[in-house]
Amino acid sequence: MAIDNIRAYSHLTDEDIAAIGARFDAIKQEVESDLGERDARYITNLIRVQRGCEIAGRAALFFGKNKAAFATGTGLLALSKVLENLEIGHNVMHGQWDWMNDPTVHSTTWEWDNNCPSEQWMHSHNYIHHTFTNVLGMDNDVGYGVLRVTRDRKWQPYHLAQPLTNTILATFFQWAVAFYDVELGKIPAGKATWEETKPKLWQTIAKVRNQMAKDYAIFPLVALPFGLGGTMLKGNMLANLIRNLWAYSVIFCGHFPDETETFTKKQHATEDHNQWYLRQMLGSANFRGGFLLSVLSGNLNYQIEHHLFPTMPSNRLAEVGKKVEKVARDYDLPYHTGSFPEQFFKVQKTLLKLSLPPRFMVADKDNAPEVRSNAAFSDKFPVEQYLHVGEGENGVRRGLATGLIMLKKIRPGVKEVMLNFSGRTPLRR
């Protein structure tokens, strides 16, 4: 049910794909050659703000008997953790600021405020996820091993508990991240030995110990003589919970809304650099928001651009997004975006739906909101006759973006059908 031929699926010629790759390469080179003082100032000022929020938040909790002080302290501490994990830690560890040659803001030296060791995160996320994005059986982020986010994963009775599993994952998100690269499940499956797994496990346990000591022992003990040990503990717990729920929401909105695509190992095995760009673009989704939402989400509301250019400083993704969207329009490719509530609702709807057995699914397995395949453009559906590969004789393209709109209209339960489509005017969202 996943895509095994992105060239045919995208309705592009080899020349089109090469031209798209060249345009994305040019965008990347243009930004890299322009990096300078304003970019360095952005990240260093943001780190100062984040550290100021943490100090002010912890200080305010020392007045935690006052409800306003407790709320302020918890809020500032949560804000500092959100900023550190998303806009600072995640992006620093991607190497987005390595060009500064500043050892205090470098991917090799940064240790983030999270239970997962930076070294392990960089392997599971930077390498595995960003190299094999949405390739089934290669990208562990497709459901994180516990959620069914595509029909390509066989339904099992335990998926009925997916709403509960999803809630637990969101609540304890940093704990799931902590042991993600350890992959303890490989031992009983015979895919790894204890000796291979042990170093990562002890490294993670050491990081967890340090994090727990800081948030749940040291600061509460300092506040204990003032009768505020429990208040400090509660504030730290709430701050971590807020960070977990927000990080979960941002990440899921960029990876699992309707229309994000999954791919087979066959597609990955045969793709070149230019097709890699296409896979990144089709397998990601954005959500709209202003400067504040962008900063709070680590600029991962530009998930498409982040997947195309993972080492590009995050403060540049907004301006790059306009250029990427234009490339999509020029080649009639989908550019998946929506409001934050819209994307979040789509994700939760899919997770609820896929918790049910296949017999409850209404849409066809090759043309469903949460999954498509190359078969969507076969004789199985009356769509391909209205499309064409490459540019048409009149200079107008009618390819994947148009095709996806048409496929959506012929799904069961959708009142508006395609019968009156003349083929003269390309469909636009």
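## A network of charged residues

Glu54, Arg58, Lys81, Asp113, Lys214 and Asp215 are linked in a network of salt bridges, a salt bridge being a side-chain nitrogen of Lys or Arg within 4 Å of a carboxyl oxygen of Asp or Glu. By this rule the count comes to 28 salt bridges.

The model is predicted: local features need pLDDT of at least 70 and side-chain atom pairs count only at pLDDT 80 or more, while totals for chains, interfaces and linings use all residues. Residues are numbered from 1 along each chain as its sequence is written, and side-chain values use heavy atoms, with hydrogens and water left out.

## Overall form

The protein chain contains 16 helices and two strands; these are DSSP runs numbered from the N terminus, with helices (H or I) of at least four residues and strands (E) of at least two. Of the 429 residues, 54% are buried, where buried means under 20% relative accessible area, exposed over 50%, and partly exposed in between (1.4 Å probe, protein chains only).

The C-alpha atoms fill a box of roughly 80 × 55 × 45 Å along the principal axes. Among contacts (heavy atoms within 4.5 Å) between residues at least 6 apart in sequence, 71% join residues at least 24 apart.

## Individual salt bridges

Arginine 372 and glutamate 261 meet through their side chains in a salt bridge of 3.1 Å, N to O. Arginine 372 belongs to strand β2 (residues 371-372) and glutamate 261 to the loop between α9 and α10 (265-270), so the pair ties together parts that are 111 residues apart in sequence. Both arginine 372 and glutamate 261 are buried.

A further salt bridge joins glutamate 370 to lysine 353 (2.9 Å, N to O). Glutamate 370 lies in the loop between β1 (367-368) and β2, and lysine 353 in helix α15, so this pair ties together parts that are 17 residues apart in sequence. Glutamate 370 is buried at 6% relative accessibility, whereas lysine 353 is partly exposed at 23%.

## Helix α6

In α6, Gln162, Asn166, Leu169 and Ala170 are buried. They cover an arc of only 95° around the axis, and therefore lie on the same side of α6; the arc is that of the directions from the helix axis to the C-beta atoms. The buried residues of α6 pack against α7 (173-178), α9 (229-255) and α15 (340-353).

Leucine 164 is also located in helix α6 (residues 162-171), but counts as exposed at 55% relative accessibility.

## A buried glutamine

Glutamine 280, in helix α11 (residues 273-282), is buried, with a relative accessible area of 0%. Leaving aside neighbours within four places in sequence, glutamine 280 is in contact with His130, Thr131, Thr133, His307 and Leu308.
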